[in-house]
Amino acid sequence: MATVGIESSAHTFGVGVVEDGRVLANVKSMYRISDRGLIPMKVADFHQKHAGAVIRRALKEAGVERVEAVGYTMGPGLGPCLRVGQLSAIVLSRITGAPLYPVNHAAAHVEITRHIYGLRDPLVLYVSGGNSQILGLEDKPQKHYHVYGETFDVGVGNMLDSFARAAKLKPAWGSSVARLAEGGRYIAMPYTVKGMDFTFTGLLTNAMKLLKSGEKRDVAFSLQETAFSMLCEATERALLLTGKREVIASGGVAQSRRLRDMLGVMAKSHGRKFYVAPDEFNSDNGAMIALVAEKMHTAVGMKPKIKGSDYGIKQRYRIEDFMIRWG
Amino acid sequence: MRKISEGAEAVIYAARMLGRNVIVKERVAKGYRIKELDEQLRRQRTKTEAKIQSTLYEKGVRVPGVILVGKYFVVMERVQGKTLNRMAGVGKAHDRRSMGMAMAEAGRVLGTIHRLGVSHGDFTTANIMQDRSGRLWVIDFGLAAFTNSEEEMALDVLLMKRSVDSGMYERFIKSYKLGFGGKASAVLGRLGEIEKRGRYQTRTLDSA
């Protein structure tokens with residue numbers, strides 16, 4: 001019996017279908033970012049236009065007859081975008097009579113990686129547009145992802161995006177910065193790590209300034225190397241302090257080959273293993289939401305209460321406020 | 001020389017030198033970073049750490065005295081004791097009382113360090129050591145900086161706020177103000193602003 005998950009926290013409207021932990025469908029429609037970035041209302045309009053078709057396609061691909069549960073991204077994300085996913089989920093839940101589950105977006109990225117590799121207690125580097133955090137499961141007061149360290153200002157993804165726009169690169173910012181960086185030479189840049197926390201604005205400001213005088217390629221290279229080294233160092237510190245045995249990276253920026261290489265080298269130097277999910281689960285997707293909704297549905301004591309206020313959206317939903325009630 | 005611990009950026013060896021117990025803190029190369037960045041970071045942190053620790057030592061702050069500085073290593077006095085994070089979390093009333101006293105002392109020391117124009121950069125209970133006679137030592141200045149920035153100082157306070165419960169934090173902050181003097185209120189104002197940026201609101205650990 002299948003669970004459907006709807007994701008719409010940013011520019012992707014994604015619908016996934018999962019059955020007993022297997023992904024049967026993972027369909028996405030993506031808003032093309034303009035040079036000015038992402039305007040929430042416009043993206044929400046786009047999502048609204050495509051929601052019905054994406055849901056139908058996912059259900060058809062999965063070939064399921066009955067929907068057992070429906071999940072949607074409650075947050076964190078952009079209000080108008082989240083709203084479209086939430087409303088679509090409510091409608092789908094009413095039509096099918098299946099119970100509805102609100103899911104934390106960040107936890108879903110991490111959980112699908114943990115699920116794919118069957119890991120019990122990994123140390124997590126969660127890197128997306130708006131966020132960058134070092135996470136791990138803690139049992140008290142209830143099982144949840146504790147934040148060991150995180151960015152004090154912007155997420156690494158948004159930082160790279162801002163730079164890419166200033167450097168007039170083509171959309172798909174992160175990967176265009178990586179392409180530009182190839183063969184660059186290193187210029188010293190501000191490197192700010194505070195224990196397991198870090199900040200990116202000083203680095204970004206410096207890189208923007210250098211764009212005017214320096215070689216574009218060298219600036220992109222140095223920016224990327226500095227930012228990823230900071231993330232790696234903070235992760236390494238957390239790894240040794242917590243003593244966890246595995247490291248995973250998840251979220252949009254975990255698609256970066258350079259970041260993966262660095263984390264792999266770091267983990268190996270301490271005899272730990274490094275894992276990362278296939279790209280389709282690190283970019284925003286509905287399958288991860290479906291997977292977590294299925295786990296919530298199966299977990300004891302998680303039968304949803306039918307109360308409208310439980311099914312809202314939370315633009316600033318923190319990962320530590322989302323309980324993990326399964327193994 | 002005997003390896004006693006391995007942190008994220010350095011390997012620590014215990015040794016005897018000139019009849020004294022010392023540690024050798026060596027910053028090892030990190031294979032994940034490009035060579036230029038790696039060497040620059042290790043060189044600069046080694047230098048800054050030694051310089052800051054010597055300055056604080058001279059001003060009477062209880063930090064391990066620096067004996068020798070190399071390109072990527074520092075030899076310093078060895079403090080025999082336990083870090084506060086190993087003391088924390090033991091539920092007995094007696095432990096809580098001595099932890100409270102230690103936190104008050106830690107607040108005063110951080111206030112003094114800030115007054116002397118230094119930020120620590122990783123001020124958690126893992127970097128405060130209590131020796132056998134109960135005296136506190138601040139260790140690991142690898143991420144420290146000479147600065148008068150209220151933001152940097154507020155981040156030191158924030159790290160401590162997050163690693164202890166609210167009762168302990170109150171004692172810490174009360175003596176921090178005494179140690180720092182007048183400028184403490186500006187730092188605490190800045191701390192409020194950082195917290196309001198919305199990232200830190202639910203991160204205090206009340207059970208740890």
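Guide: Two residues are said to be in contact if their C-beta atoms, placed from the backbone, lie within 7 Å. The model discussed here is a predicted one. By that criterion, 22 residues of chain B are in contact with 27 residues of chain A. On the side of chain B that touches chain A, the elements giving two or more residues are α1 (35–58) and α4 (150–163) of chain B. Of these, α1(B) gives the most, with four residues. Sorted by class, this side of chain B has nine nonpolar, eight polar and five charged residues.

Five names make up its buried set: L259(A), M262(A), L263(A), M266(A) and A267(A). Seen down the axis of α8(A), the buried residues fall within an arc of 130 degrees, so they line one face of the helix. What covers them includes the strands β6 (123–127), β11 (246–250) and β12 (273–276) of chain A, together with the helix α7 (216–242) of chain A. After the helix comes G271(A), whose phi is positive, near 70 degrees.

Which residues does L263(A) contact, leaving aside its neighbours within four places in sequence? They are L125(A), C232(A), T235(A), V247(A), A249(A) and F274(A). L263(A) also belongs to the largest nonpolar core, of 143 residues, where L263(A) and V17(A) touch the most other members. To this core α7(A) gives the most, with 12 residues. Apart from it lies another core, of eight residues, among them I23(B), A50(B), V75(B) and M76(B). As a general background, nonpolar side chains tend to be buried together in soluble globular proteins.

Four bridges join β1(B) to β2(B), residues 10–17, and the two strands run antiparallel. Together they form a hairpin with three residues between them. Within this pairing, S5(B) stands opposite I12(B) of β2(B).

Note on methods: Residues numbered from 1 in each chain as written. Chains lettered and ligands numbered in written order. Predicted model: local features only at pLDDT ≥ 70, side-chain atom pairs only at ≥ 80, totals over all residues. Buried ≥ 20, exposed ≤ 12 C-beta atoms within 10 Å, placed from the backbone. Arc of directions from axis to C-beta. Pairing = 2+ DSSP bridges. Nonpolar A, V, L, I, M, F, W, Y, C, P; charged D, E, K, R; others polar. Core = buried A, V, L, I, M, F, W, Y, C linked by C-beta atoms within 7 Å.
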